[in-house]
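Visitor: I have some questions about the terms used for this model. Can you take them one at a time?

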Amino acid sequence: MKPFEVYPLYPIEPVRGRGCYVIDEQGNAYLDLYGGNGAVSIGHCIPYYIEAIQHQVAQFGFYSNILENSLQTRFAQKLGQMSGYPTYSLFLCNSGSEANENALKLASHHTGNAKVLAFKGSFHGHTSGSVAVTDNPYIISPFSRTDHVHFVRMGDIEAVEKELAKGEYAAVIIEGIQGLSGVRMPGDDFMRQLRKVTKAHEVMLIVDEIQSGYGRTGKFFAHQFSGIRPDLITVGKGMGNGFPIGGVLISPDFTPVRGMLASTTGGNQLACAAAMAVLDVIERDKLIENADKVGTQAIEILSQMTGIIADVRGRGLMIGIDVNVSVPELRRKLLLDYCILTGGSGSSTIRILPPLCVTSQQMERFIRLLAAAIGS
Ligand SMILES: Cc1ncc(COP(=O)(O)O)c(C=O)c1O
């Protein structure tokens, strides 16, 4: 048997990691500005994180959710306190897509409605429900194609209002910042209008913070720049620093019903230990403050490079850089000639999602080499 081919692969295999670097068998160190699709939040092979996982797996690795698990309770408390949502409750699962599935399901049960409003350019995952609210017909199978989902342009509050007035909607789902469509920000005013309109029509507002959350933008969640409080917030990626875990933060307006949500492995002891260690390190190393400082500086420098760069968008360490050269070729060059890992969105945007411990010096080096790679 061999792995089912789903991704085009670069000819590099990391075997070790250290902070913002991944290292191959030959000892070549690559500056990681993509964090494995944005999942590596605190950095590679952080000793505190390694010890926490080692300790937990030696002590007790897994039992399903039929027995008490105080690690889950402690983790929920800490997440509530650090994220500014201490009164919300937490459902734990294993990935971002699964988190969105559960948020959509909760909204539908809660309102009794089936329809979901999503936005053009959105990406919410590859499972059936999360792909159905993703604006990419190429990845939606006939099984997931549904009339329950309607897409409108991000920013078009009149279109949102017109749809919600039909009284058929369970939820509006929006990313804190759209990632795959090229780092597109919804706008703080639009987020506030969306909150107002969803409240008025008693439709649940789901903010997908799977890519934009967990401190990446310089606040715990990207939507917190607008001051709104969604009904449901989905998390994943940076939550486990690569350990598979996802979750839904649920407003106190929801009443739990036994059997409504479930997962065999979601929130197990080992996953909670990994996720708790991530929060401890974010707090200890002031990584949210670092994301704000280093990311803001980088965006400022990039914005001044108008001759080389067509546009820069983003907040903190979620940055989209539009260039006038082929992005797949540029990424390959940065990796193979300059040992820098980057992400991409479409054919013209470089997407930067580094571990939150990246330094100003590392980002400045990247910017210098990016200019050299574009110019060469
Ligand atoms: C905004 C957003 N939502 C959901 C997902 C899906 O998460 P996962 O790949 O963990 O299922 C992703 C992954 O890229 C994402 O960027």
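Guide: A nonpolar core is a set of buried Ala, Val, Leu, Ile, Met, Phe, Trp, Tyr and Cys residues joined through C-beta atoms within 7 Å. The model here is predicted. Its largest nonpolar core has 102 residues. Those with the most contacts inside this core are V116, A171, V172, I206, L232 and V278. Helix α8, residues 269-284, gives the most to the core, with 10 residues.

Visitor: Why is this core said to lie between domain 1 and domain 2?

Guide: Domain 1 (14-45 + 287-375) and domain 2 (48-284) both give residues to the core, so it lies between them.

Visitor: Which residues is L232 in contact with, leaving aside its neighbours within four places in sequence?

Guide: The partners of L232 are A103, L106, A107, M204, I206, V248, L249, I250 and S251. For a contact, the C-beta atoms must lie within 7 Å.

Visitor: What makes P142 buried or exposed?

Guide: P142 has 5, so P142 is exposed. P142 is found in the loop between α5 (128-132) and β6 (149-152). The C-alpha atoms of P142 and A132 are separated by 10.0 Å, with the two residues 10 apart along the chain.

Visitor: How do you know that β14 and β15 pair?

Guide: Pairing needs at least two bridges between two strands. β14 and β15 (residues 349-352) have 3 bridges, in the antiparallel sense, so they pair. G344 stands opposite I350 in β15.

Visitor: What makes β11 and β14 edge strands?

Guide: β11 (309-315) and β14 (343-345) each pair on one side only. The open sheet has 4 strands in the order β11-β12-β15-β14, with antiparallel pairing. From one strand to the next, the twist averages 25°. Helix α9, residues 287-303, lies across β11 and β12 (318-323) and runs at about 160° to β11.

Visitor: How do you know that β1 and β2 pair?

Guide: The cut-off is at least two bridges. β1 (residues 14-18) and β2 (residues 21-24) have 4, in the antiparallel sense, so they pair. R18 stands opposite Y21 in β2. These strands form a hairpin with 2 residues between them, and G19 in the turn has a positive phi of about 60°.

Visitor: What does β2 form with β3?

Guide: β2 and β3 form a hairpin with 4 residues between them. G27 in the turn has a positive phi of about 90°. β2 pairs with β3 (residues 29-32) in the antiparallel sense over 3 bridges. The bridge partner of I23 in β3 is A29.

Key:
Residues numbered from 1 in each chain as written. Predicted model: local features only at pLDDT ≥ 70, side-chain atom pairs only at ≥ 80, totals over all residues. Buried ≥ 20, exposed ≤ 12 C-beta atoms within 10 Å, placed from the backbone. Domains from an automatic or database assignment. Contact = placed C-beta atoms within 7 Å. Axes fitted to C-alpha atoms, helices over the stretch in contact; angles between N-to-C directions.
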